[in-house]
Every structure is written in structure tokens, then in C-alpha cells.
Amino acid sequence: MFNLALLIGIYSYLIFLLGLIGFLYKTVIILVSLVFIFIILFYSRKKLNMQDVKNKIVSFIKKSTKLELTLLTILLTQGIINLIGALGPELGFDALWYHLTLPKIYLDMHELVHIPGSLLYYSTMPKLTEMLYISSLSLGTETIARLVHFSFGILCLAAIYKVSRKFLSKNFSLLALVLFYSNLVVGWMSITAYVDLARTFFEIMALWGFLEWWQKKELKWLIESAVMLGLAISTKLLALGSLFIFALLLVIFTRKISKILTYLFFALLIPLPWFI
């Protein structure tokens, strides 16, 4: 999961780089995307075993109780409902105002630029997810952009389950997923090209990394957590509020200035290109 989150961030910054150098052409974006996917598949070919994944899913279902199967059915039903909504027309105000409009403008201009005036002032803010939407729109449809945001909702479920299983039984972990995914706000976000589910995913990953560090006391997990939070900040600036929360937790748990500075450094290093 951490590798996947990191790959999403790398790909977003790859599109960001194309925008900075004025190469946001549909053909270039598609070509770069295909090369990126090919490289990933090439280096992970030994780890990709669909039969193994299938066996794990079948084993998970067979070992599930009636209550767990009921909760899984609720999740599947909600997922189908959200997917149907994601395949429909875009009606979200912010998506039509700037989440999709800015990527369209960048594609027309073939570069990332500051757009003067008060209407599109969001053009100067970090837009990790909107870079993914640029790729989606380069294929000629906004539906793919909505499916990208829908997919972040699914990734949130996977991350929440992993975190929950550290403290809860399988029953309660699945219940946590149902409580999250059946929330009306999550359902609404799953059918729009917003960025909030992407931010949620990266922040959950940051929490997961922090918990791993707390349990294992290995510096790499603290850095992983900081990088995930940096991706969340690159998605939406409001995630800066979580930076103070994690810093406070580090003060409580370690009281070591080196750990706090390390966390702040990596968390702010990721969105630094956007700030610049």
C-alpha cells in the first residue's frame, strides 16, 4: 500500500514536471503514462500473481462468518451505487469550478501557469490530484477523472481495514469500513472529481506509518508517515493541520527535537515544489 501511494505521488509529480516545462500535450501525456506503467509492471512482474490474489480473496470469504458476509455485502452494494454515480455526469460545484476546469485550461495552454484574477485563484495551490485529472482529460473524458476519485475511496477502505486490524477484530474492522463508506459525504465524494478522498487516503496512510513507527520504533516508518502526509498536503493545503497534530504526538511520545525536525522536513519537502 505504501508503494502504491508513493507511485501515485511520483506519477502526479511527473505530470507536474511536464506542465512546468510546457509539454502538456495529450500525446506526450499518454506516451509518458504508458512508459510509466510499463516500467512498474516490468519491475513488479515477479510480485504480480493474480492467482495468488484470487486465492486470498476466496480464502477470506470462506473464513468469513455470516455477520462478516453481511457487512461485505453492504460494502459491495454501496460500492456499486457509488460506481453508478461516478459514471454519470459531473454535477459537483467545485469540480466544475476548478478541479476539472484548471486541468482543462492547462491542457489547452500546454503548461502550468498562474491564472490572474479572483475567479481561479486556486491555480496557485498544490494540486496533486488535479495532475491525475490532466491525464484523465487527455483521454477525452471527465468520467475517468471521477473514477480516479472513486478509486481513492476504495483505497481508503483498504487502508482503514489495515489500520483497524491492529486494534480490532475482523468483525469490528469490517464494521469500521461500513461506517466510513456508508457515510453520505463519502458517497457524495465518490461520484465527483473532487480531491478529498485522495487527501483522506494519504492521511490514513500517514497514520498507518506513524502507528508502525510507534510500535517498531524504526526511523523508516516515521519517514514513510511524513512522506504520506506530504502527499496529503500536496493534495489539499488543509492537511497542514494534521502536521501540527503529528508533531504534537511526537512531542508526547519522544520529546526528541531530532524526530520532530525529521518529520517536519520530509512532510514539507514533498509539497515544496508546489510552494516554490
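Helices here are DSSP runs of H or I, at least four residues, numbered from the N terminus. The model is predicted.

**Helix α4**
- Helix α4 covers residues 66–86, and its end C-alpha atoms are 30 Å apart.
- The buried residues of α4 are Glu68, Leu71, Leu75, Gly79, Asn82 and Ala86.
- They cover an arc of only 75° around the axis, so they sit on the same side of α4.
- Residues three or four places apart point the same way because an α-helix has 3.6 residues a turn.
- Lys66, Leu76 and Ile84 are exposed on the other side of α4.
- The cover over the buried residues of α4 includes α8 (143–164), α9 (170–181) and α10 (184–189).

**Salt bridges**
- The count comes to 7 salt bridges.
- Lys166 pairs with Glu212, with the closest N and O atoms 2.6 Å apart. This pair links distant parts of the chain: Lys166 is in the loop between α8 and α9, Glu212 is in α11 (residues 196–216), and they are 46 residues apart.
- Glu212 also forms a salt bridge with Lys216, at 3.0 Å between the closest N and O atoms. Both lie in helix α11, 4 residues apart, about one turn of the helix.
- Shared partners join Lys166, Glu212 and Lys216 into one network of salt bridges.
- Glu212 is buried at 7% relative accessibility, because buried means under 20%. Lys166 is partly exposed at 27%, and Lys216 is partly exposed at 44%.
- Glu203 and Arg199 form a salt bridge at 2.6 Å, N to O. Both are buried. They are 4 residues apart in helix α11, about one helical turn.

Notes. Residues numbered from 1 in each chain as written. Predicted model: local features only at pLDDT ≥ 70, side-chain atom pairs only at ≥ 80, totals over all residues. Heavy atoms only, no water. Helix = DSSP H or I, 4+ residues; strand = E, 2+ residues; numbered from the N terminus. Expected span 1.5 Å × (residues − 1). Buried < 20%, exposed > 50% of the residue type's maximum accessible area, 1.4 Å probe, protein only. Arc of directions from axis to C-beta. Contact = heavy atoms within 4.5 Å. Salt bridge = Lys/Arg side-chain N within 4 Å of Asp/Glu carboxyl O.
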